[in-house]
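User: I would like to go through this model by question and answer. Please start with the terms and then take the sites and sheets in turn.

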Amino acid sequence: MDRLNGPARLMIVSDLDQTMVDHDDPENLSLLRFNALWEAYYRQDSLLVFSTGRSRISYKQLRNEKPLLTPDVTIMSVGTEIAYGESMVPDYDWEQFLDHNWDRDIVNQETAKFPQLIPQSDKNQRPHKVSFFLEKAESLEVIKALSECLEKRGLDVKIIYSNGTALDVLPKGAGKGQALAYLLKKFKADGRVPLNTLVCGDSGNDAELFIVPEVYGVMVSNAQEELLQWHEENVKGNPHILRSTERCASGIVQAIEKFTLGPNVSPRDIRDFRKCRVNIFSPGHEVVKFYLFYERWRCAEVEKSDQLMQSLKSSFYLLGTFVHPSGIEQPLNKCMDMMERLYGDKLGKKYRVWLDWVSAAQIDLNSWLVKFDKWESTGETRQCCLTTVLLTTKQAEEPEAFTWMHIHQTWLDGLEAKDQTTWFF
Ligand code: GLC
Ligand code: MG
């Protein structure tokens with residue numbers, strides 16, 4: 001959170017399963033569209049928050065399977081656990097607060113009286129979250145009877161039904177909405193309330209996100225019946241809530257447009273950057289744009305023309321150096337020749353490139369040091385390099401063109417490429 005020194009321009013608070021991540025899209029197209037948009041235009045001055053029902057372990061599993069960006073804040077286990085930054089430092093104050101009037105043993109004793117409640121696996125049971133499966137047809141009746149039992153035992157709990165299958169029992173002060181309100185309160189105390197907040201969800205445990213004061217919301221087109229019904233009964237007609245016509249992450253992009261929260265055309269939707277000059281001059285946009293071109297070049301999704309190669313070469317300082325993650329140094333002109341030869345080598349191989357955690361530091365009037373994680377996946381295998389690029393502007397008076405002076409890469413642990421000869425940049 002301390003990455004920004006002022007209030008965030010936009011804070012996106014998004015659920016993961018079937019909101020940020022579309023499990024029906026094995027190619028992850030909408031997620032990759034969102035990623036490129038975020039890293040090109042928002043990462044530098046905005047905050048990304050994931051709010052998931054998953055525990056830390058199962059969140060990490062999802063990160064290994066899907067091209068998820070690194071969020072600034074991770075809210076897990078249905079708003080009962082909050083962690084900050086890349087290293088996910090836990091917020092113990094929040095967990096301590098949730099202890100108030102909470103007794104897991106009593107919850108276990110009372111829920112055991114309902115044979116309709118089938119306990120979820122151990123990895124889904126958390127200190128402040130007791131979770132079950134429950135048939136939709138029985139849900140209303142069981143929820144009513146269970147709340148009466150727990151109330152009689154003097155507990156303040158919240159019971160949430162999601163995805164037409166899952167029932168969570170949490171302390172009353174927990175939940176995704178309460179966790180967000182807590183976060184906003186912390187920002188307020190620091191005088192750093194985000195200028196805009198957009199919450200995004202698809203199922204029952206996301207409902208309370210939409211009643212946090214002063215937020216915009218999007219219910220993605222594939223939202224579950226229980227969320228739509230809750231919306232119908234509670235917040236229908238609220239102009240700050242959109243029911244998108246697009247699925248998952250594409251629905252989030254649609255909401256950014258609808259509420260005019262900032263740039264909403266993902267660089268992935270721009271086929272030819274020469275024809276569509278985006279009027280945003282930023283190092284983040286520059287690196288995202290280059291790596292998209294790189295992906296398309298290797299997949300032969302752009303034409304192979306001398307003119308294109310020349311124009312690319314003109315944005316590199318050909319005597320500059322590329323330090324390959326293996327440690328070997330090469331002049332950039334040699335890398336350009338190599339890139340030329342690799343045209344189409346990934347054709348039909350489900351090859352994707354995405355950048356995460358892009359940051360840029362201006363080091364003088366004309367130069368920037370840009371740092372990011374560069375990911376590649378070919379089918380199921382993935383590699384990642386911590387990458388540093390030195391960019392300069394050609395002339396101070398023509399500041400829409402960058403020159404790539406120097407590139408340096410280091411493998412991230414366990415994510416080295418087996419065949420290092422076709423990894424570069
Ligand atoms: C996630 C969690 C599960 C929970 C459900 C609904 O799927 O893994 O434990 O019940 O979200 O909140
Ligand atoms: Mg979901």
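Analyst: Donors are N, O and S atoms within 2.8 Å of the metal (3.2 Å for Na, K and Ca), and since water is not among the atoms, sites may look incomplete. This is a predicted model, in which local features need pLDDT of at least 70 and side-chain atom pairs count only at pLDDT 80 or more, while totals for chains, interfaces and linings use all residues. Residues are numbered from 1 along each chain as its sequence is written, chains are lettered from A and ligands numbered from 1 in the order in which they are written, and side-chain values use heavy atoms, with hydrogens and water left out.

User: Which spacing do the donors of the magnesium ion (ligand 2) follow along the chain?

Analyst: The ion is coordinated by Asp15 (OD), Asp17 (O) and Asp202 (OD), at 2.1 to 2.2 Å. Along the chain, these donors follow the spacing D-x1-D-x184-D.

User: Does Asp15 count as buried or exposed?

Analyst: Buried means under 20% relative accessible area, exposed over 50%, and partly exposed in between (1.4 Å probe, protein chains only). Asp15 has 4% relative accessibility, so Asp15 counts as buried.

User: How much of the area of ligand 1 does the protein bury?

Analyst: A residue is near a molecule or strand if one of its heavy atoms lies within 4 Å of it, and the residues around ligand 1 include Gly53, Gln120, Lys129, Asp168 and Asn205. Oxygen atoms of ligand 1 lie 2.7 Å from an N or O atom in the side chain of Lys129, and 2.5 Å from one in the side chain of Asp168; a polar contact is a pair of N or O atoms within 3.5 Å, and within protein one must be able to donate a hydrogen and the other to accept it, with residues adjacent in sequence counting only if both atoms are side-chain atoms. For Asn205, the separation from a ligand 1 oxygen to a side-chain N or O atom is 2.7 Å. Taken alone, ligand 1 exposes 310 Å² (Shrake-Rupley method, 1.4 Å probe; for residues, only the protein chains shown count as cover), and the share buried by the protein is 85%.

User: Which strands stand at the edges of the open sheet of eight strands?

Analyst: Helices (H or I, at least four residues) and strands (E, at least two) are DSSP runs, numbered from the N terminus, and two strands pair if DSSP finds at least two bridges between them. The order is E5-E4-E3-E2-E1-E10-E11-E12, with mixed pairing. Each edge strand has a single partner strand, so one side of each is left without a neighbour in the sheet; the two are E5 (89-90) and E12 (241-243).

User: Which residue of E3 is the bridge partner of Phe50?

Analyst: E2 (residues 47-51) and E3 (residues 73-76) pair in the parallel sense over three bridges. In E3, the partner of Phe50 is Thr74.

User: Which residue of E18 is the bridge partner of Leu386?

Analyst: E18 (residues 402-411) pairs with E13 (residues 316-323) in the parallel sense over four bridges, where Thr321 stands opposite His406. E17 (residues 381-393) runs antiparallel to E18, joined by nine bridges. The bridge partner of Leu386 in E18 is Thr410.

User: With which side chain does the side chain of Asp91 make a polar contact?

Analyst: Asp91 is found in the loop between E5 and helix H3 (92-98). At 4% relative accessibility, Asp91 counts as buried. Its side chain makes a polar contact, at 2.6 Å, with the side chain of Tyr84.
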